[in-house]
Every structure is written in structure tokens, then in C-alpha cells.
Amino acid sequence: MNDDRYIRSVKDLEEVGCKWWPKDVRDEAMKVSILQYLLDSQEKFISLLTLADRNKPEKLFGLLDASDFEYHLFLKHLALLTDVGSEPLQRFNTTFKELFPDNELEYVLGRKKFVYNFSVLPIKGKLDNERMQIDTKENLQLACKDKNLCKDLIMLLTYGSASSIEINRAILYKCNAYENLGEEDKIKQYVRENYIRVSRIIAGKTATDLGNYAQVYALNYMRARLGNNYNLVNNGKIPGVKLDDEKEATFDIVVDRKDDDGRFKKYVGIEVSFQETSNSVSERKAREAQARFRNTNNKRCFVAYIIDGVGNFSRPAAMNDMCNNSHCNVAYTPSEFDLLIEFIKEKIG
């Protein structure tokens, strides 16, 4: 171990780390997992598809209006089953005028043509899961904030592959939910065949929930033990600290002392990285580590890392970058959090 007891190597952290998600963190994160909520509403979703009529799209919206099934929840189910998520939808939104120059979807069923006029698409800015209100269980449980946007997206996902424009059919080939509308056996088979793939997608979302709660859990632990004289901000910033792209650096947790009103106010910026599986999050934190350390140092402030999880330990190079560019690094256990608290009190009072 280094002479400075706050700075440890990857090997040091591996010896004291917990490696796997603590039960408290996993239990809390699973409470907000989206998977069970979708499973609980799946039968009703299937019944809506069964009652719908592919030749009468307005009937589907009538069914949604008559039920307590929110538009954005229906959209979430549909996006997962068609395997058309926020990334392709954002691409469609960006190139919308090329795909639909008249702002309408003309599609063909049998020998009959139908036309749907988009009322909201394309939107300005990013069409992400948060904008569609399908990013969290909490948002899915709320009343739909933008039914017209959901209508546009539901029509796109349902009838896009039946477009009368050949190039659009090739681009929107996954948007084919209309093929199963009104046919119960086909719909149930459709859902079953996609369930394994959907479960994998949700598993990724659950991992994100765990990562977010790991950050909140650490913040709450420190807040309870540091006392009332400290500010702890989730996803906070240290004034003047930027990354190499000149964007302000956001830290998972920022700590300062309430009674520190000096000219050079001291802050501790904390990054939390707990990975059970190897993914890009730890790589991103490693890439940013040098700039965070250098620019925080220049402001006479401090950077600390909470690093743990077998996924992180399987990437020692990325971990090493974080360890070498910090004033304090600890693992994800109560005794390690206590060491970080000692560091905070020592450095900023």
C-alpha cells in the first residue's frame, strides 16, 4: 500500500472489495426495475392487440382511451416487441422529412391505402426514452404527458413496414406490429418469441438501475455520517472544473462544507463505479480520469473514486487509470466508505 493510506492500487482494492452487488443495493434497485411492471401489464397489452383491427387503426386508440392503459406504457411494450428502441427512433426523427416529406404515413394493407397524418413528429431535440416517458418505472406509472407524440410513434411502429414507399419499407421493416392485430393466437406467439430478447434488454436496464442506486446508496451513507455541516449533491459540479472537451465536469457526488465561504472553497468530487459485468461505463470513467484529476487539482479541490465489482477488476487498465488519477480511492463497503469520510473531513475540514 502507498504511504498515503487514501491512495490504493487495483490489487489493494481487490483485497478489500465486495466484488458482487450488496444485497441492500440489489433489493432497492429491483424495486424500481421496469421488468416486473411490464410483466404485470402484459396480459392487458395482449388483450388490446387482440381487440384491435388492423384495418381500423383508430379502434386501437379508442380502446386505449376507454381503458386505463396509458399510451406511453403501450408504446413501451410495442417498442420492446418490435425491437425498435430510442436509438432507431431518434434516427427516424432526425431524417423524418426525408422519410415522410408530406408529414404523413401512407401505407397499404391488401389493396387498400390508408393515410395517417403525423401531428407531433418530428420533434426538436432528442427523442430519447425520457422524452417518450418510457425510461423508468416511475414515469410509466404516471399519466401520459403527450398522447399525440405517443400516437405518432405507435402508428410508426405498427404500420411503418407497410409504407407505400419502397425505401421506407426497407428502413422500417421491423415496424410490423399490424401483422398480428386482432389475432389472439398469433399475438401470444409473437409475445412469447420475443420474450427472451426482451428479457435481455430489461436486464441491461436493471443493471443501470443498480448503478444509479449504488450512487444514491453511497451518498445517503455519507450524508448520514458527515453531519449537517456538509452539502452532498447527487450529479453535482465543481465550479470551473471542465473535461478536455471544455464541457463542465459532472461528478456522481460532490461534497463541500456549508460554512466554507473562503476565496478558494474546497470541494471533493466523487465518482462511483461498480460493475458486475464488464461494460463501457468504467472505460468512459477511465478516459475522463486524467482530465478530472488535473482540472480539479488546478482548483485546489479533490477527486475520489469508489471502485468495486468483478467487472471492474476484469479491466485492471481502466481501474488503474482511475486509481492513478485520484486523491482517494475506496471499495464499496461500509468500512471503505468510512475511510472516504475521513478523507473528506481531513481535506475540506
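Student: To begin, how many disulfides does a search of the whole structure find?

Tutor: Happy to walk through it with you. Please keep in mind that this is a predicted model. A search of the whole structure turns up 0 disulfides. Take Cys 144: the nearest cysteine sulfur belongs to Cys 150 and lies 3.7 Å away. Cys 144 has a relative accessible area of 15% and is buried. Cys 323 is buried too, with a relative accessibility of 2%.

Here is the setting for those residues. The protein has 349 residues, and 49% of them are buried. Its elements are 17 helices and 7 strands. Among contacts with a separation of 6 or more, 70% are between residues 24 or more positions apart. The accessible surface comes to about 17300 Å², and carbon and sulfur atoms hold 47% of it.

Now to the rings. A pair of aromatic rings is described by the distance of the centres and the angle of the planes. The count for this protein is 16 aromatic pairs. One of them joins Tyr 6 and Phe 343, whose ring centres are 5.2 Å apart with the planes at 75°, so this pair is edge-to-face. That pair links distant parts of the chain: Tyr 6 lies in the segment before helix H1 (10-16), while Phe 343 belongs to helix H17 (residues 334-348), and 337 residues separate the two. Both partners are buried, Tyr 6 with a relative accessible area of 3% and Phe 343 with 0% relative accessibility.

Phe 96 and Phe 100 give you a tilted pair, with 4.9 Å from centre to centre and 50° between the planes. Phe 96 is buried at 1% relative accessibility, and Phe 100 is buried with a relative accessible area of 2%.

Ring pairs can also join up into a group. Tyr 217, Tyr 221, Phe 274, Tyr 332 and Phe 337 are linked in this way into a cluster.

The charged end of Lys 151 sits over the ring of Phe 61, at 5.4 Å from the ring centre. Arg 292 places its charged end over the ring of Phe 251, 4.8 Å from the centre of that ring.

Notes:
Residues numbered from 1 in each chain as written. Predicted model: local features only at pLDDT ≥ 70, side-chain atom pairs only at ≥ 80, totals over all residues. Heavy atoms only, no water. Helix = DSSP H or I, 4+ residues; strand = E, 2+ residues; numbered from the N terminus. Buried < 20%, exposed > 50% of the residue type's maximum accessible area, 1.4 Å probe, protein only. Contact = heavy atoms within 4.5 Å. Areas by Shrake-Rupley, 256 points an atom, 1.4 Å probe, with all protein chains shown as cover. Disulfide = S-S within 2.5 Å. Phe/Tyr/Trp six-rings, centres within 6.5 Å; stacked < 30°, edge-to-face > 60°. Lys NZ or Arg CZ within 6 Å of the ring centre and 35° of its normal.
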